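Good morning, and thank you for coming.

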Amino acid sequence: MASLGLSRWRKYVTPYLFLLPTLIIMIVFVYHPIVENFRSSLYNWNTFSGQENWRYVGLDNYRRVFDDPIFYTSIKNNIWYAVISVAVQVCFSLGLAALLESTLLSRFSSSFFRTVLFLPSVLAVTIIGITWMLMLNPSTGLVNQVLDEIGLAAVKHTWLGEEGTAIFSVIGVSQWQWTGYVMILFIVAIQAIPHELYEAARIDGANGLQQFWHITVPGVRETFLVMTTITVIGAFKVFDIVWVMTAGGPNHASEVLGNYLYRVGFRNDEMGYASALAGVMFLITFALSFAQIRFNGTMSRETE
Amino acid sequence: MHRRRFGKLLIVLVLVSLLVGGVGITAAQDEPVTIRFFHKWPEPEHIAYYEWVIDQFEAEYPNINVEMEAVADEPYKDKIRVVMASGEVPDVFFSWAGEFSWKFARSGRALPLDDYFYGTDWEDQIVASALEPYKLDGHLYGLPMRINAKFMVYNKQMFEDLGLAEPTTWDEFLAACQALKDASIIPIAFGNEFPWASSHYIGDFNAKLVAPEVRSADYLLEADPDTLFTDPGYVEALARFKLLNDEGYFNDGANALQHSLARASFVAGRAGMMFVELEEFQMIADDMGADAFGYFVFPSGTGGAGDQNLMTGAPDGFMVSAESEHPEEAIAFLHFMLSPERGEEYVRQLGIPSAVVGAATEETALPLVVDALQRLNEASGMALWLDTDIDIKIVEVYLPGMQAVLSGSESPESVMQKVHDIAVQVQAEAATE
């Protein structure tokens, strides 16, 4: 029967029709470039060489990645970025959110601090980078002058100019910018927790810390996991703030993967090697999100 | 929390592939022609000058339309390479002289200009010595717009107060630094966040400490692989640079300071000297007064094997794309811009010496600039900017090495060892291509 066949056909095809535009965009702008990137990582080429001059080198570029000391410096810096960001942006800002939502602060001061802490995240990264560069300037910057005034001259540093402190100064600025933003997301999550739970806990005699630990933390678990993943992945993709503040220097000490990739590709003009770096970076972020999705799945199944 | 701003990796790749796949615009014969002009001076005063040139040009050639784009110095280095590889090449574009421009020439992206230039009246209008760095294998690929060189400027008042004369040897220079330091003044303002700043020092030291033929063979990678960058003069160059730093003659935290901020501290009278480009003289004069500062040639190489009469500097100029669809119009625009009238106006508006013959006179420029230009004419030649004169892969090892020497984490010897290693590698790669 023709009409039945048609309607069945419709039933199967319609959802795919709706998916098609997205699918096409995803293929053109996401999946195709990933494949293309892998292909171009197998060649040595630069922006001047036409396709006919691409020299096939197999997996040499990947081998080179794992022999490259700057790659390891970059990975190390990315890991520091991730660890510190999770500690500050996720854990610490959850504490801040709980504090601002608690009864310890008046309504006024809680909304005051909420605004103040959130403000940095609406500023452009470049502006923040340049402003902090001025503050961290070794001789005229505010930071060293304050350290001088409070008798901590011994801990003064050329923050962005020393190989030991450059990346941590940049990471610090990044925390300053984003902690308030994550905090707002936690506040939203906390507000979604039913009030009765807190009331019941108070009746049972739970103190603030116990309430935080047994109600707030489980209540925001989903947000917590999402924020952790986003922060970690973000830490591996970071580019702008590092580029603005140190450009990876001095002597590659504050290089991160995104930065190094850009430098290799667009400054040194080694597109094949840059593609290999991009491939490695993709695998790292892919593995992290995959792990998170699996982990998240297990967690929500447990709570059900 | 930096994720969405630069989901960069894929976006960049997609953009690049779009650029590569882009299609050029073809115009019919009688239709107005648009030529694209790309340079590295987005500062308002420069833009004003170029807009003035373009307005005049378009008035004289009504069927040609000039589209200008400018990005700053550092990003230009990245952007021009990508743009040149795309389908939408600019017709006229800025390029540093030396290796930076030769790369375009070697890959056939730059139009040889010999036929348009030699034997015409244009030839007599451009300073001949400024053409050399744009020549490759006997062909001319670029035309200089202006001439730039590096000089040490000093605060006259401070030198007078301390009874210091303009130093003419390395030892006198060190003595002057020490005297300033003893007077609690920062001897030399130095901003090296972007390490091209130290490459100007090292380029100058190299030119004067390494014999010219040795240096040229190393820079062009024509030397025997075993000897590439092994001349002791290179180590000495880094060692002298390190000495200036270790003795406290540079301001603190040079690696974290931008060049422009260092200049601000010189202008504000916090530092006694600074190694600046001729084009910065006007800016300094605007901020601290033309009589407040003097200049001398940096006596960096006393006792070295190099040519002491070389000047570190280079012409800045333009090239025409070989893929330009309107080469005639592009050349016409270039000729119009690099002519006596426009050259004089360039000097008058911006205070920067033009490469057009006779453009910088007492009437159009600061006396100090005219004087420095005279010194430049007496020099035996120019040592080009190190960071645009050698292969970029070597630059990317050499310049961070200079930062490492400054911060004390590497010795001059170990940096030169790394430079040698990468040079050998680049030379071998070039041989296989």
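In what kind of contact do the side chains of Lys79(B) and Glu69(B) meet? They meet in a salt bridge, with 2.7 Å from N to O. Lys79(B) belongs to helix α3 of chain B, residues 73-85, and Glu69(B) to strand β2 of chain B, residues 64-70, so this pair ties together parts that lie 10 residues apart in sequence. Lys79(B) is partly exposed, at a relative accessible area of 32%, and Glu69(B) is likewise partly exposed, at 34%.

Please bear in mind throughout that this is a predicted model.

Over all chains, the structure holds 30 salt bridges. As a general point, side chains of opposite charge can pair when their charged atoms come close.

Let me turn to Lys393(B). This residue forms a salt bridge with Glu429(B), and the closest N and O atoms are 3.0 Å apart. Glu429(B) is partly exposed, with a relative accessible area of 21%.

Lys393(B) also forms a salt bridge with Glu270(A), where the closest N and O atoms are 3.8 Å apart. This pair crosses between chains, from the loop between α12 (257-267) and α13 (271-303) of chain A to helix α17 (residues 392-407) of chain B. Are Glu270(A) and Lys393(B) buried or exposed? Both residues are buried.

There is also a network of salt bridges, which links Arg267(A) with Lys40(B), Asp73(B), Glu74(B), Lys77(B), Asp78(B) and Asp387(B).

I come now to helix packing. In chain B, helix α7 (residues 170-182) and helix α10 (residues 232-246) pack at an angle of about 20 degrees, their axes being 11 Å apart. That angle makes α7(B) roughly parallel to α10(B), and the crossing is right-handed. In chain A, helix α8 (residues 195-203) packs against helix α9 (residues 208-219) at about 150 degrees, with the axes 11 Å apart. Here α8(A) is therefore roughly antiparallel to α9(A), and α8(A) passes α9(A) in a right-handed crossing.

Finally, the surface. A nonpolar patch on chain A includes Leu17(A), Leu20(A), Leu23(A), Phe29(A) and Tyr31(A), and the patch has about 900 Å² of accessible area together. One of its members, Leu23(A), lies in helix α1 of chain A, residues 2-40. Leu23(A) is partly exposed, with a relative accessible area of 46%.

Technical notes:
Residues numbered from 1 in each chain as written. Chains lettered and ligands numbered in written order. Predicted model: local features only at pLDDT ≥ 70, side-chain atom pairs only at ≥ 80, totals over all residues. Heavy atoms only, no water. Patch = residues over 30% accessible without salt bridge, like charges linked within 9 Å, V, L, I, M, F, W, Y side chains within 5 Å. Areas by Shrake-Rupley, 256 points an atom, 1.4 Å probe, with all protein chains shown as cover. Salt bridge = Lys/Arg side-chain N within 4 Å of Asp/Glu carboxyl O. Helix = DSSP H or I, 4+ residues; strand = E, 2+ residues; numbered from the N terminus. Buried < 20%, exposed > 50% of the residue type's maximum accessible area, 1.4 Å probe, protein only. Axes fitted to C-alpha atoms, helices over the stretch in contact; angles between N-to-C directions. Parallel < 35°, antiparallel > 145°, perpendicular 65-115°, else oblique. Left-handed = near helix turned anticlockwise from the far one by under 90°.
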